[in-house]
Amino acid sequence: MNFLARIVRLLFWLLVVSWGLRLLRRIVGGMLRDETTPASQTADASAGIPAPATARRLVRDPVCGMHVDETRSIALREGGELLHFCSPACRDAYAGNTKKIAANG
């Protein structure tokens, strides 16, 4: 029984030490990252590079329901409505279904 207790105690302390090292590594890594970040930001600001837009408009694909960035979507104008699709396959599936519905009348 004494042998098993020593093994459990050893495993417990190995776990504590590994967590402590991981925490120390994250703290030191965060400090190093923070020191390098302001220099790169000031260099970009002085070069006149515009900051990227953070907010993008997402549109929903009517076939699969996937949300897609409006600038990357595949647009299809049907009547007076502009529809956005995630892929040509979804666009073709939508166009094929509307033709079937129109034919069945």
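How many disulfides does the count come to? The count comes to zero disulfides, a disulfide being a pair of cysteine sulfur atoms within 2.5 Å. The cysteines are taken up again further down.

This is a predicted model, in which local features need pLDDT of at least 70 and side-chain atom pairs count only at pLDDT 80 or more, while totals for chains, interfaces and linings use all residues. Residues are numbered from 1 along each chain as its sequence is written, and side-chain values use heavy atoms, with hydrogens and water left out.

## Overall layout

The chain has two helices and four strands. In sequence order the pattern is α-β-β-β-β-α.

Of the 105 residues in the chain, 10% are buried. Buried means under 20% relative accessible area, exposed means over 50%, and partly exposed lies in between, with a 1.4 Å probe and protein chains only. The accessible surface of the chain is about 9000 Å², and carbon and sulfur atoms account for 62% of that surface. Such areas come from the Shrake-Rupley method with a 1.4 Å probe; for residues, only the protein chains shown count as cover.

Contacts, meaning heavy atoms within 4.5 Å, can also be sorted by separation along the chain. Among those between residues at least 6 apart in sequence, 20% join residues at least 24 apart.

Met1, Phe3, Leu4, Ile7, Leu10, Leu11 and Leu14 make a nonpolar surface patch of about 810 Å². Patches are made of residues with over 30% relative accessible area and no salt bridge; like charges are joined within 9 Å, and nonpolar side chains (Val, Leu, Ile, Met, Phe, Trp, Tyr) within 5 Å. Phenylalanine 3 counts as exposed because its relative accessibility is 61%.

## Aromatic pairs

A pair of aromatic rings is described by the distance of the centres and the angle of the planes. Here, rings of Phe, Tyr and Trp (its six-membered ring) pair if their centres lie within 6.5 Å; planes under 30 degrees apart count as stacked, over 60 as edge-to-face and the rest as tilted.

The structure holds two aromatic pairs. Phenylalanine 12 and tryptophan 13 form an edge-to-face pair, because their ring centres are 5.3 Å apart and their planes stand at 75 degrees. Phenylalanine 12 is partly exposed at 47% relative accessibility, and tryptophan 13 is partly exposed at 48%. The pair of phenylalanine 85 and tyrosine 94 is tilted, with 5.4 Å from centre to centre and 50 degrees between the planes. Phenylalanine 85 is buried, with a relative accessible area of 0%.

## Salt bridges

Side chains of opposite charge can pair when their charged atoms come close. A salt bridge is a side-chain nitrogen of Lys or Arg within 4 Å of a carboxyl oxygen of Asp or Glu. A search of the whole structure finds three salt bridges.

| Aspartate 69 | Arginine 56 | 3.4 Å |

Aspartate 69 forms a salt bridge with arginine 56. Aspartate 69 lies in strand β2 (residues 67-69) and arginine 56 in the loop between α1 and β1 (58-60), so the pair ties together parts that are 13 residues apart in sequence. Aspartate 69 is buried at 11% relative accessibility, whereas arginine 56 is exposed at 54%.

Glutamate 70 is partly exposed at 29%, and arginine 57 is exposed at 52%.

In the pair of aspartate 92 and arginine 91, aspartate 92 is partly exposed at 48% and arginine 91 is partly exposed at 27%.

## Cysteines and helix α2

Cysteine 86 is partly exposed, at 24% relative accessible area. Cysteine 90 is in no disulfide either, and its nearest cysteine sulfur, in cysteine 86, is 3.7 Å away. Cysteine 90 is buried, at 11%.

Proline 88 lies in helix α2 (residues 88-104) and is partly exposed at 42%.
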